[in-house]
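Work through the exercises below with the sequence and the model open. Each task is followed by a solution in steps.

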Amino acid sequence: MQMEWRYRPHRHFTFVRQLLFSSALMLLAVTGLFGQTNESQATHDVGAGKVLVRSKFGGQIFGFDIDQNGTEGLLSEAKTLADGNILAAVETFDQKTGKILKVVDKLESQDDFVAMGIVGSSVGLVEREHVEGGFVVKRIFHTLDPLATNKFTGLWTPPIGSKHIIMPTGVSRSQGVAKVAVFDFDNSGNFIPLVFSSDVAANTFGRVVKITDSNNFGSVPPPIAYDSKTNVAVLGGGNGCFGCRPVIGVVDLVKGTFSEFTGIGFGFINGIAIDSADGIACTTTEDDASVELYDLKKQTGFTVVLPNSGEQQFFSGADVEFDSLHKLFLIAQPNSSSSSSGSTIYVYDTKGDLQETLNGFNFSNTFNVIPTHIALHPSVRGGYVDGPDSGVSEIQSFSY
């Protein structure tokens, strides 16, 4: 039986990009003056909020998201028990109060749950990894449709084999549109990943497209975003060498074709989001603390350096999310360059102009099983992000 990727509590799960990032922590010193630059004056209270959502049983959070069209959120947690088993649970919570509303499912075995996100119209998506003999032998994808039912309502059955894996960052989490784009990591040794679209609620799937460039997209699972206007998936790739240019993968989910172009900035792409209406993609790169904005049709773009970062890798951005209601990109920065400690979220418009700097967070990726995620609720200009507990057992509200 072949060894497979598996998410386990108290195991430091990292991608290659995170290993590069961690090594830089010992080499770089925090320099520069802290402050906010090039910002428009906010007309409302912004920044880290006081509402925290804590996992019901104190376990490490294995993925979370919030419903942009409702009042609830979704998380999974896991922790090791004294007898060696894993307590794994799926829970829903109230976005306003942070209170756990329902334990959807709870196991004490060797199995794990991973919350893959909320997609479509209020559909929760959760993976269960069934383990036998220390190996994942089956992956089951449960849906909560809608999330407010607070229970599993069906199954999602993606067209993948036993040697292919959908990573936690492999689903585009598109809300407000029927489809998502999915990246399927190849664990067979051939390193030929697949990408396809899916209407999760209907359990239907589009054409499966082979990603033929395993050097830039096969060894490290890339972040993925979905352009709902053109039905295209966009991948943030690269070969991982320090100071090298990233590579952008473009998957036409209608024609079933894959193409790529050389990006801007330096290093791995850590996060990606798309403004589908205007054909603009936004990324963060690992080596230079920069944000990149692309015209996807022209395949051109420009970079914006994160404030006070000095283009140092230590201050590089991570997750990128797009608020389609207010036309804003939100950037997670685990090591703040705008505060003397902690983490920051930057808010940019689609022209690359900094609108707000949100401080007061602590969402370092160092001990996260699942990479940092910004979950948005655009209609209330708010959301949740990992932290501040270093044990990753809680998430924190914020406003922007």
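## Exercise 1: a sheet and its edges

Six bridges join strand β21, residues 290–295, to β22, and the two strands run antiparallel. The model is predicted.

**Task.** State which residue of β22 is the bridge partner of L293, then find which strands stand at the edges of the sheet.

**Solution.** 
1. Start from L293: its bridge partner in β22 is F302.
2. Write down the strand order. The open sheet has four strands, arranged β19-β20-β21-β22, with antiparallel pairing.
3. Read off the edges. β19 (269–275) and β22 (300–305) each have a single partner strand, so one side of each is left without a neighbour in the sheet.

## Exercise 2: cysteines

**Task.** Determine how many disulfides the model holds, which cysteines form a disulfide, and what its handedness is.

**Solution.** 
1. Recall the bond type: a disulfide is a covalent bond between the sulfur atoms of two cysteines.
2. Apply the cut-off, which is a sulfur–sulfur distance within 2.5 Å. The count comes to one disulfide.
3. Identify the partners. C241 and C244 form a disulfide, with their sulfur atoms 1.6 Å apart.
4. Assign the hand. The torsion about the S-S bond of C241 and C244 is about -120°, so the disulfide is left-handed.
5. Check the surroundings of the two residues. C241 counts as partly exposed because its relative accessibility is 29%, and C244 counts as partly exposed at 25%.
6. Turn to another residue, C282: with 1% relative accessibility, C282 counts as buried.

## Exercise 3: a serine in a loop

**Task.** Decide whether S338 is buried or exposed, and find which side chain S338 contacts through a polar contact.

**Solution.** 
1. Locate the residue. S338 is in the loop between β24 (328–333) and β25 (343–349).
2. Compare its accessibility with the cut-off: buried means under 20%. S338 has 6% relative accessibility and therefore counts as buried.
3. Look for a partner. The side chains of S338 and Y346 are joined by a polar contact of 2.8 Å.

## Exercise 4: aromatic rings

**Task.** Classify the pair F141 and W156 by its geometry, and do likewise for F361 and F398.

**Solution.** 
1. Note what is needed: a pair of aromatic rings is described by the distance of the centres and the angle of the planes.
2. Take the total, which is 12 aromatic pairs in the structure.
3. Examine one of them. F141 and W156 are 5.3 Å apart centre to centre with 85° between the planes, and the pair is edge-to-face.
4. F141 is in strand β8 (residues 135–144) and W156 in strand β9 (residues 154–156), 15 residues apart, and the pair links distant parts of the chain.
5. F141 counts as buried at 3% relative accessibility, and W156 counts as buried at 2%.
6. Repeat for F361 and F398: 6.0 Å centre to centre and 85° between the planes, again an edge-to-face pair.
7. F361 belongs to strand β26 (residues 354–361) and F398 to strand β29 (residues 394–399), so this pair ties together parts that are 37 residues apart in sequence. F361 and F398 are buried.
8. Extend the view to a cluster: F141, W156, F196 and F205 form one aromatic cluster.

## Exercise 5: a charge over a ring

**Task.** Find which residue lies over the face of F57.

**Solution.** The residue is K106, at 5.4 Å from the ring centre of F57.

Note on methods. Residues are numbered from 1 along each chain as its sequence is written. This is a predicted model: local features need pLDDT of at least 70, side-chain atom pairs count only at pLDDT 80 or more; totals for chains, interfaces and linings use all residues. Side-chain values use heavy atoms; hydrogens and water are left out. Two strands pair if DSSP finds at least two bridges between them. Buried means under 20% relative accessible area, exposed over 50%, partly exposed in between (1.4 Å probe, protein chains only). A polar contact is a pair of N or O atoms within 3.5 Å; within protein, one must be able to donate a hydrogen and the other to accept it, and residues adjacent in sequence count only if both atoms are side-chain atoms. Rings of Phe, Tyr and Trp (its six-membered ring) pair if their centres lie within 6.5 Å; planes under 30 degrees apart count as stacked, over 60 as edge-to-face and the rest as tilted. A charge sits over a ring if NZ of Lys or CZ of Arg is within 6 Å of the ring centre and within 35 degrees of the ring normal.
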